[in-house]
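Please look at the sequence and the structure below before reading the notes on them.

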Amino acid sequence: MDKERQSIIEQTEIFVRTQLAEAEGGHDWWHIYRVWKLALSIADEEKADLYVVNLGALLHDIADAKFHKGNEEIGPRVANEFLISLSVEPEVIDQVIHIIKYVSFKNRHEPAPFVSKELHVIQDADRLDAIGAIGIARAFNFGGFKGRALYDPAVPPNPDQSKAEYKAAKAPTINHFYEKLLLLKDMMNTPTGKKIALERHRFMEEYLEQFYQEWDGKR
Ligand code: ADP
Ligand code: NI
């Protein structure tokens, strides 16, 4: 990577850190940091363009729609203006904007009109941050933020929800494992992502087994 590109990545890192200074636990700078580092490691194995992966991963949640009254235009616009201000090449900006638009799990019912290896890599890294030890922590943090129960044996999970139902759901956090987290291993795009997902998946299954045991007072 040449010096100019390195400097643009550093400026993007600072911009994102500043923008997300007040963000909640699941989508804070440290989520970006983890996705960024993991995406780079996957990109290396999958031979994706590292410049696009750096910028795309750093900017992928720059203005998450759920914190902007569902407005899905803000993120791409903020990123576009920022990258133009750094004189990034239009072709690179286009790729980054495309990544920001199509990386989210919520858009799974609206597939991207075209896919790129870089989108695939970042999407894998983003989804991988929702599973495993960190994923479990994020889920309960999100549930707590929304005032949800940890678990309620009387409320069964509903994995076939529409986008609107999924967004409006009030179910206990354990249900989220069956509605999203345990489905992610089969949604990986790249072989490297799949390998990491399987390890994190097994960890969650073990976690759930112990959770139910403890729930019923077993030791
Ligand atoms: P993304 O930003 O990747 O589109 P979301 O915004 O849906 O994903 O979720 C962000 C984080 O919050 C993830 O770790 C996800 O598992 C968690 N989360 C989302 N919805 C719920 C829920 N209903 N219960 C518990 N955790 C949730
Ligand atoms: Ni994300």
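This report covers a metal site and some aromatic rings.

## Basis

The model is predicted: local features need pLDDT of at least 70, side-chain atom pairs count only at pLDDT 80 or more, and totals for chains, interfaces and linings use all residues. Residues are numbered from 1 along each chain as written, chains are lettered from A and ligands numbered from 1 in the order written, and side-chain values use heavy atoms, without hydrogens and water.

## Nickel site

Four protein residues hold donors of the nickel ion (ligand 2): His31 (NE2), His60 (NE2), Asp61 (OD) and Asp126 (OD), at 2.1 to 2.2 Å. Donors are N, O and S atoms within 2.8 Å of the metal (3.2 Å for Na, K and Ca); water is not among the atoms, so sites may look incomplete. Along the sequence, the spacing of these residues is H-x28-H-D-x64-D.

His60 is buried, at 3% relative accessible area, and Asp61 is buried at 9%. Buried means under 20% relative accessible area, exposed over 50%, and partly exposed in between (1.4 Å probe, protein chains only).

## Aromatic rings

The model has 14 aromatic pairs. One of them joins Phe211 and Trp215, which are stacked, with 5.7 Å centre to centre and 15 degrees between the planes. Rings of Phe, Tyr and Trp (its six-membered ring) pair if their centres lie within 6.5 Å; planes under 30 degrees apart count as stacked, over 60 as edge-to-face and the rest as tilted.

Phe211 is buried, at 13% relative accessibility, whereas Trp215 is partly exposed, at 40%.
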